[in-house]
Each structure stands twice: as C-alpha cells, then as structure tokens.
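Keep the 3D view open and try each task before you read its solution.

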Amino acid sequence: MIAALATIVLVGLAVFSACIGRFAVQPAQVLHALAASIGLVARADTPQAHMVHSVVFGARLPRIGGAICVGAALSVAGAAYQAVFRNPLVSPGLLGVLAGAGTGAALG
C-alpha cells in the first residue's frame, strides 16, 4: 500500500516537474505528449505540439529521470550502510566516504 502511494506521488511530482520551467507547459500537454509517445493517442501535428514534445523529451524528462535515479541510488546506499553496520544512525564518515567524496569534489 505504501509503495503504491509512493509510486503515485512520484509520478505526480514528475509530471509537475515537467510543467515547470522557462517554457510553460500545461499538465494536460505533458500527459498528451507522454501518451502520444507510447501510442495511446494520436500525435498532434501542430508547431505547438512539436515544441512541447521537444521540450518535454529533450530537456525535462532526462533531468527528471536522472534525479530519480540519483535519489534511488543514494537511498539504497544509505540502507546498505544501515544494514551492514546494523545501526540506523550510521554516518558515511565511518569508512572514510566523506573524505573520498571531498577529494572527488575537489578534483572535479
């Protein structure tokens, strides 16, 4: 039940995030572009529809997908630390991860 609710909230926030930006896109336009890309509805052949499609699929969805993947990876890493050390308050500094992250950030 909680996983289903979390999935619904995640999808809703992804659609909301696809609407926000320099080029304003309505949620209905985002949903229509997504439905047209998987073949549920006919693709509109207007310049506005092409612009919405390129904005949503070219700029916003890759960033949203990347944010979801990074968040999922960080949560799995945190859960793995908690499971390995059997401590719900474990810190990344325990194994020197903070020092390695600082070094990587400085090199970057």
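**Exercise 1.** At what angle do helix α1 and α2 pack, and how far apart are their axes? Please note that the model is predicted.

*Solution.* 
- Step 1: Find α1, which covers residues 2-19, and look at how its axis passes that of α2; the angle is about 110 degrees and the axes are 9 Å apart.
- Step 2: Angles of 65 to 115 degrees count as roughly perpendicular, so α1 is roughly perpendicular to α2.
- Step 3: Check the hand of the crossing of α1 and α2, which is right-handed.
- Step 4: Pick out the residues that touch: α1 brings Val15, Ala18 and Cys19, while α2 brings Pro27, Val30 and Leu31.
- Step 5: Sort this contact of α1 with α2 by class, and you get six nonpolar residues, no polar ones and no charged ones.

**Exercise 2.** Describe how α2 and α3 pack, and list the residues that make their contact.

*Solution.* 
- Step 1: The angle between α2 and α3 is about 85 degrees, with 10 Å between their axes.
- Step 2: α2 and α3 are therefore roughly perpendicular to each other.
- Step 3: On the α2 side the contact uses Gln29, Val30, Ala33, Leu34 and Ser37, and on the α3 side Gln48, Val52, Val56, Phe57 and Leu61.
- Step 4: By class, the contact of α2 with α3 has seven nonpolar, three polar and no charged residues.

**Exercise 3.** Work out how α1 and α3 are oriented, and which residues join them.

*Solution.* 
- Step 1: Here the angle is about 140 degrees, and the axes of α1 and α3 lie 9 Å apart.
- Step 2: Angles over 145 degrees would count as roughly antiparallel, so α1 and α3 are oblique to each other.
- Step 3: The crossing of α1 and α3 is right-handed.
- Step 4: Leu10, Ala14, Ser17, Ala18 and Cys19 of α1 meet Arg60, Ile64 and Ile68 of α3.
- Step 5: That contact of α1 with α3 holds six nonpolar residues, one polar and one charged.

**Exercise 4.** Locate the largest pocket and describe its lining.

*Solution.* 
- Step 1: The volume of the largest pocket is about 180 Å³.
- Step 2: Colour its lining residues: Ala28, Gln29, His32, Ala33, Ala36, Arg43, Ala44, Gln48, Ala49, His50, Val52 and His53.
- Step 3: Two or more lining residues come from each of α2 (27-37) and α3 (47-85).
- Step 4: The lining of the largest pocket splits into six nonpolar, five polar and one charged residue.

Technical notes:
Residues are numbered from 1 along each chain as its sequence is written. This is a predicted model: local features need pLDDT of at least 70, side-chain atom pairs count only at pLDDT 80 or more; totals for chains, interfaces and linings use all residues. Side-chain values use heavy atoms; hydrogens and water are left out. On a 1 Å grid over the protein atoms alone, a cavity is a set of points where a 1.4 Å probe fits but cannot get out, and a pocket is an open set with protein on both sides within 12 Å along at least five of seven lines; lining residues have an atom within 4 Å of a point. Grid points are joined across faces, edges and corners, and a volume is the space filled by probe spheres set on the points. Helices (H or I, at least four residues) and strands (E, at least two) are DSSP runs, numbered from the N terminus. Ala, Val, Leu, Ile, Met, Phe, Trp, Tyr, Cys and Pro count as nonpolar, Asp, Glu, Lys and Arg as charged, and the others, Gly among them, as polar. Axes are lines fitted to C-alpha atoms, for helices over the stretch in contact, and angles run from 0 to 180 degrees between N-to-C directions. Angles under 35 degrees count as roughly parallel, over 145 as roughly antiparallel, 65 to 115 as roughly perpendicular and the rest as oblique. A crossing is left-handed if the near helix is turned anticlockwise from the far one by less than a right angle, and right-handed if clockwise. Contact means heavy atoms within 4.5 Å.
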